[in-house]
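Please keep the sequence and the coordinates at hand while reading.

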Amino acid sequence: MADGALLLILTSPMLYVFLFRPLVVHIHARNRAVEALQKSKEEQFKAMVHTSLDGFWITDRLGHFLEVNDAYCQLIGYSREELLNMSLYEAVTLEETRAIKRHFRNVFENGSERFETRNQCKDGRILTIEASANYSSAGGGQLYCFVRDITERREREEALRLAGSVFNNVEEAVMVTDPKNQIIAVNPAFTTITGYASDEVIGKTPRILASGKHPSAFYREMWRQLLNMGSWTGEIWDKRKNGEIYPKWLTISAVKDEQGETVEYVAIFSDITERKRAEEEILNLAFYDSLTKLPNRRLLLDRIHTALSMSARNHYFGAVLFLDMDRFKVLNDTLGHDHGDLLLIEVAQRIQAHVREVDTVARLGGDEFVVLFEEISTSADEATQKVALIAEKVRAALAAPYSLDGHEHHCSPSIGVCMYCGNEESVDALLKRADMAMYQAKDAGRNAVRFFDPVMQQAVESRAALEADLRRAVPGQQLRLYYQVQVGDDHRPLGAEALVRWEHPVRGMVMPAQFIPVAEESSLILDVGHWVLDAACRQLAAWEKNAQMRNMVLAVNVSAQQFRMHDFVEKVTALTHSHGVNPARLKLELTESVVLNDVADVVAKMRALKEIGVKLSMDDFGMGYSSLAYLKQLPLDQLKIDQSFVRNIATDSNDAVMVQAIIDMAQNFRMEVIAEGVETEAQLDFLKRNGCLAYQGYLFSKPVPVDEFEQNVMISSPEPQTANFQLPPLVQLASQPGL
Ligand SMILES: Nc1nc2c(ncn2[C@@H]2O[C@H](COP(=O)(O)OP(=O)(O)OP(=O)(O)O)[C@@H](O)[C@H]2O)c(=O)[nH]1
């Protein structure tokens with residue numbers, strides 16, 4: 001229309017001036033008005049958009065921002081200028097790029113789309129955005145979009161979803177109560193643990209769960225803490241629907257609103273029956289003896305420790321009783337371990353029946369028990385007397401016959417007592433003393449009570465020190481061999497007995513009587529024994545090269561422990577081989593204690609030794625329990641008459657008869673016989689007259705180092721094995737034991 005008017009004006013100026021101009025003016029005015037209206041609408045729109053709390057943007061079809069409002073700038077952290085130089089793709093997270101493209105396509109096709117996306121702010125934060133986009137074809141196609149940050153809402157929803165899932169699936173029971181303590185919700189685990197379905201408890205108070213095991217003060221304290229601190233945690237005994245009382249671990253928290261008012265209490269609990277049972281079991285295993293149910297060593301040590309500290313404060317005397325059943329092994333060996341166990345249980349009960357409840361009765365292990373008496377008296381005398389009385393009562397009770405599964409058995413205890421006051425002595429020392437006293441009771445014939453004696457302690461301590469030193473003797477090369485000659489009836493040297501000496505750097509020369517018993521009580525005797533055999537073989541090998549010494553037979557003592565070793569024969573064989581020694585020059589002296597053990601095994605070993613050519617002699621013959629019956633079975637070469645018989649043959653007719661009998665026996669069994677401890681001519685004379693043709697003793701020589709021995713042999717036999725062994729001026733030393 002406006003275009004037609006213009007044509008008319010151009011073709012007819014008059015018409016224009018008079019008719020159309022006013023019209024044209026009107027039209028312009030109207031257009032201006034429309035424009036103005038449009039402008040004002042745009043302004044309004046702009047104002048509306050810029051004041052909107054929601055974000056707003058316009059992009060072109062490619063996503064370049066054409067307009068953004070302040071809310072969007074604030075939301076995303078970029079300025080308007082920055083955004084107008086960016087595309088929407090730069091404002092979303094990388095993963096969202098494809099989704100945005102899809103949303104754009106949808107908007108182009110459908111005109112509008114609501115979608116959720118994730119924007120990346122300038123500072124890196126990721127926001128969950130709800131977007132409502134519209135398409136306009138104006139300006140080559142534009143997208144108008146209102147956006148809203150729903151990050152928090154989504155997080156809340158997620159948290160709620162999670163809480164709901166946790167509530168329903170968690171193993172712990174959850175119970176929610178209102179501020180009036182009425183149950184408003186419980187989860188499935190609550191039903192599993194308590195047995196109550198939710199509709200049975202909702203509207204009720206948690207008191208229906210109470211076991212009645214706790215006093216009301218317990219609940220008062222729980223509420224006090226809950227109200228003051230906002231939560232309570234602890235162990236509590238409750239009752240299930242079926243009446244079963246059980247322990248649970250409970251946490252109650254008060255949930256408050258923004259004003260700080262409690263709106264709910266949330267109780268979360270788990271059933272700890274199993275855990276408590278396991279804990280108790282572990283505790284029992286750790287601190288109690290499973291057979292007698294008495295405290296074990298660990299708990300006892302702890303109790304003694306506490307008792308000593310108490311005594312240091314209150315100055316009361318206390319005591320430790322150490323009990324060991326006498327010959328308990330016999331019961332195990334005869335009636336069996338089960339009966340042994342029954343006796344131990346009975347012993348535990350009898351001890352407990354005779355002491356106060358506050359006294360600790362413990363089992364240390366095996367047949368050893370300890371009783372700890374605390375706070376007996378502040379007077380030493382009174383305390384000692386009281387303990388002596390109790391100990392005697394316990395002894396008598398334990399010595400009474402036992403009926404074990406129908407079998408009557410007699411057993412008794414040996415009891416050692418050690419008093420204490422204060423904590424100067426350590427727990428260990430105290431127990432050790434009581435133990436020593438117990439051994440004193442055993443030594444006194446058993447079934448007895450003995451108090452600790454300090455003199456005995458000293459003896460025990462010096463023995464322990466000797467053992468510790470002895471441990472270093474072999475590796476420290478402190479052992480020596482001495483040689484005591486053995487001669488024939490013509491006094492010619494036949495060989496020697498090798499005798500061990502210990503040359504201690506501080507103690508000086510230690511005699512075997514001092515250290516062999518100590519070695520025998522530990523396995524040290526094996527090391528010492530092996531060393532002696534090795535040294536003897538080395539010496540024999542050296543003598544092989546010396547014409548005058550070549551025929552010497554060397555006797556070596558073998559301990560019972562050493563002989564019992566399963567590989568003893570192999571060891572002897574290996575030693576003779578490795579030193580290149582003629583085994584016939586080696587004579588092993590066995591004692592009756594060796595032979596008494598397991599006759600069949602002993603005989604087998606002896607035969608094996610004889611097979612390789614080693615000679616065997618029975619040492620200290622006549623001292624033990626050797627019976628003719630088994631002497632006959634032993635492949636012995638020689639009997640050695642013990643020096644205790646030899647000592648008195650000239651003066652004691654009994655000993656003389658004994659020696660005669662031994663010599664006869666040896667002759668009957670076709671064994672050689674040698675007498676040890678020959679110190680006088682009279683003894684020698686008697687032996688000779690009775691047919692004993694070999695001798696060892698101070699009359700010929702004391703034990704001497706190898707050089708001296710060789711010298712003596714060479715002096716006495718300038719020609720190999722011809723001359724008599726001269727009696728050296730050593731006879732005066734005869735009073736020393738012939739070791
Ligand atoms: N039945 C049973 N025997 C045990 C138990 N623990 C250790 N023993 C045995 O208890 C015995 C303890 O013996 P000892 O105390 O050394 O010796 P004993 O025969 O009592 O002789 P003395 O103490 O010298 O009078 C050993 O034979 C152990 O094998 C156990 O739990 N039950």
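## Surroundings of the ligand

The model is a predicted one, and the ligand in it is surrounded by 16 residues, of which Asp326, Phe328, Lys329, Gly340 and Gly366 are the closest. By residue class, this shell consists of eight charged, four polar and four nonpolar residues.

Three elements, namely β11 (317-325), α13 (328-335) and α14 (337-353), each contribute at least two residues to the shell around the ligand. The greatest contribution comes from α14, which provides four residues.

## Strand β11 and its two partners

Strand β11, which takes part in the ligand shell, is mostly covered, with nine of its nine residues buried. In a regular strand the side chains alternate between the two faces of the sheet. In β11, Phe317, Ala319, Leu321, Leu323 and Met325 point one way, while Gly318, Val320, Phe322 and Asp324 point the other way, and all of these residues are buried.

On one hand, β11 pairs with strand β13 (residues 368-377) in the antiparallel sense over seven bridges, and within this pairing Leu323 stands opposite Phe369 of β13. On the other hand, β11 is joined by eight bridges to strand β16 (residues 413-420), again with the two strands running antiparallel, and here Phe322 stands opposite Gly416 of β16.

## The sheet that contains β11

These pairings belong to an open sheet of five strands, whose order is β12-β13-β11-β16-β17 and whose pairing is mixed. The edges are formed by β12 (360-365) and β17 (449-451), each of which pairs on one side only. From one strand to the next, the twist of this sheet averages 20 degrees.

A parallel pairing is found between β16 and β17, which are joined by three bridges. In this pairing, Ile415 has Val449 of β17 as its bridge partner.

## A second sheet, with antiparallel pairing

Another open sheet of five strands has the order β7-β6-β10-β9-β8, and its pairing is antiparallel. Its edge strands are β7 (183-186) and β8 (231-239), each of which has a single partner strand, so one side of each is left without a neighbour in the sheet. Neighbouring strands of this sheet are turned against each other by 25 degrees on average, with direction ignored.

Within this sheet, strand β9 (residues 245-256) and strand β10 (residues 262-271) run antiparallel and are joined by nine bridges. One of the residue pairs here consists of Ala254 and its bridge partner in β10, Tyr265.

## The helix pair α21 and α23

Helix α21 (residues 568-579) packs with helix α23 (residues 599-612) at an angle of about 15 degrees, and the axes of the two helices are 10 Å apart. Because an angle under 35 degrees counts as roughly parallel, α21 is described as roughly parallel to α23. The crossing in which α21 passes α23 is right-handed.

Ala600 is one of the residues of helix α23. Ala600 and Gln633 are separated by 33 residues in sequence, and their C-alpha atoms are 9.3 Å apart in space.

## Two residues with positive phi

Which backbone angle of Glu375 has a positive value in a residue other than glycine? The angle is phi, which is near 45 degrees in Glu375. This residue is found in strand β13, the strand that pairs with β11 over seven bridges. Glu375 counts as partly exposed because it has 15 C-beta neighbours inside 10 Å, a count that falls between the limit of 12 or fewer for exposed residues and that of 20 or more for buried ones.

Asp405 likewise is not a glycine, and its phi is positive, at about 55 degrees. Asp405 is found in the loop between β14 (402-404) and β15 (407-409). With 10 other C-beta atoms within 10 Å, Asp405 is exposed.

Key
Residues are numbered from 1 along each chain as its sequence is written. This is a predicted model: local features need pLDDT of at least 70, side-chain atom pairs count only at pLDDT 80 or more; totals for chains, interfaces and linings use all residues. A residue is near a molecule or strand if its C-beta atom, placed from the backbone, lies within 6 Å of it. Ala, Val, Leu, Ile, Met, Phe, Trp, Tyr, Cys and Pro count as nonpolar, Asp, Glu, Lys and Arg as charged, and the others, Gly among them, as polar. Two strands pair if DSSP finds at least two bridges between them. Axes are lines fitted to C-alpha atoms, for helices over the stretch in contact, and angles run from 0 to 180 degrees between N-to-C directions. Angles under 35 degrees count as roughly parallel, over 145 as roughly antiparallel, 65 to 115 as roughly perpendicular and the rest as oblique. A crossing is left-handed if the near helix is turned anticlockwise from the far one by less than a right angle, and right-handed if clockwise.
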